[in-house]
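Hello,

Here is the structure I promised to send over. Have a look first, and then read on for what turned up in it.

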Amino acid sequence: MRSGRHFLQIPGPTNTPERILRAMHRSVIDHRGPEFAELGLGLLRDLKPVFQTEGRVVIYPASGSGAWEAALVNVLQPGDQVLMYETGQFSTLWKNMATKLGYDPIFIAGDWRRGVDANLIADALAKDTDHKIKAVCVVHNDTATGITSDIGAVRAAIDGAAHPALMMVDTISSLGSIDFKTDAWGVDVVVAGSQKGLMLPPGLSFNAISEKAWAACQAGGDRRSYWDWRDMMTPNDAGYFPYTPATTLLYGLREALDMLAGEGLEQVFARHERHASATRAAVESWGFEILALNPDERSNSLTAVLMPDGQGGDALRAEILDGFDMSLGTGLNKVADKIFRIGHLGDFNDLMLMGTLSGVEMGMIRAGVPHQSGGAQSALKYLADHRI
Ligand SMILES: *Cc1c(COP(=O)(O)O)cnc(C)c1O
């Protein structure tokens, strides 16, 4: 047995605050009863400001991958082309899903160190004169690489090409931690999940749906049942769901939305930006490279750190778990063992960040990973110099 608290600093699931844990510690109620309707209506209403949309948001009892699938099957038909962009493992998985479901993804290759180049989207759309491409799908914050892409630039590329494709964006590791403007950026389908910026356990996922996507859903779509947006609408209007919802997680969601509204979304984004900047200051002081090459694409919800040559990220992570009871994110697929990832999103404060960065620095000493000392000190200084 260990004493003290485990540090869960993977980039999701994130630390679930006590307030949310307590809110979930309740008996399950009748999901067709009047008390539930009040809960359901309030959630469906109060999710909208978090997505910065006036449109509809639907909730699935599913992990984020479920909402990926829902986004595709509700608007696409078998064989439809979708334009996707490789920013890391999560965009790759979404592309693989599109292939498995019988769609035809065009995957713009990336090097896992840069975000979406909107010019390449514009080029692909300009070539598609007979509008075979039905959707452009990008990941706002690729959690595997710690890279945040400019979604406004993608919108501008689609508009510039005067192309009718729908725009879909995965915000699973950015919603509620990095500014995301569904309506202002004209995003047709947003994909989100519960276990990252929303601070909940895994098990809920979301789609925000534009008028245009809703029209595409009614006009076409694929064979679908569980994910069908149309089945959600009538029950949702009364605060209910077409099947049994994850009632306990919804109690938690109520609390999470109250916490985000209480802090204020602008403050939430500023807090993540500040903790990310302090983390980057630490990484630079250690003499390590951040995977994201462009400074303006570096994620505010996690930092992916490149290991020096000949040093494995997984051995360092194992040493840190063993010595200091802290979990850090592993490198996935193309960057397996080459990086480790520090999650600094969700329910988080200065001292949690300092505990995290101290654990990384102590882990490097313990594992014999060569580095310059003083990274944690640099983060301290950054925090002291940038008070909010
Ligand atoms: C976590 C994550 C996913 C996968 O979500 P699951 O809940 O594991 O299905 C997809 N995309 C991004 C960007 C993620 O961070």
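A word on terms before the details: two strands pair if DSSP finds at least two bridges between them. Helices (H or I, at least four residues) and strands (E, at least two) are DSSP runs, numbered from the N terminus. Please keep in mind that this is a predicted model, where local features need pLDDT of at least 70, side-chain atom pairs count only at pLDDT 80 or more, and totals for chains, interfaces and linings use all residues. Residues are numbered from 1 along each chain as its sequence is written, and side-chain values use heavy atoms, with hydrogens and water left out.

**The three-stranded sheet**

This sheet is open, runs in the order S11-S12-S14 and has antiparallel pairing. Its edges are strand S11 (289-290) and strand S14 (339-343); each has a single partner strand, so one side of each lacks a neighbour in the sheet. Between S11 and strand S12 (residues 302-306) there are two bridges, in the antiparallel sense. Here Ile290 sits opposite Val305 of S12.

**The seven-stranded sheet**

The other open sheet has the order S2-S10-S9-S8-S5-S3-S4, and its pairing is mixed. Strand S2 (56-60) and strand S4 (104-108) are its edge strands, each pairing on one side only. Within this sheet, strand S5 (residues 133-139) and strand S8 (residues 166-170) are parallel partners over five bridges. Val138 has Val169 in S8 as its bridge partner.

Helix H4 (residues 89-100) touches strand S3 (81-85), S4, S5, S8 and strand S9 (189-193), and its direction makes about 155° with that of S4. Helix H6 (residues 151-160) touches S5 and S8, at about 165° to the direction of S8. For these angles, axes are lines fitted to C-alpha atoms, for helices over the stretch in contact, and angles run from 0 to 180 degrees between N-to-C directions.

**A helix pair**

How far apart are the axes of H10 and H12? Helix H10 (residues 265-286) and helix H12 (residues 350-367) have axes 11 Å apart and pack at an angle of about 20°. H10 and H12 are therefore roughly parallel to each other (angles under 35 degrees count as such). From H10, the contact involves Arg274, His275, Ala278, Thr279, Ala282 and Trp286; from H12, Asp350, Leu353, Leu357, Val360, Glu361 and Met364.

Best wishes

Technical notes: Angles under 35 degrees count as roughly parallel, over 145 as roughly antiparallel, 65 to 115 as roughly perpendicular and the rest as oblique. Contact means heavy atoms within 4.5 Å.
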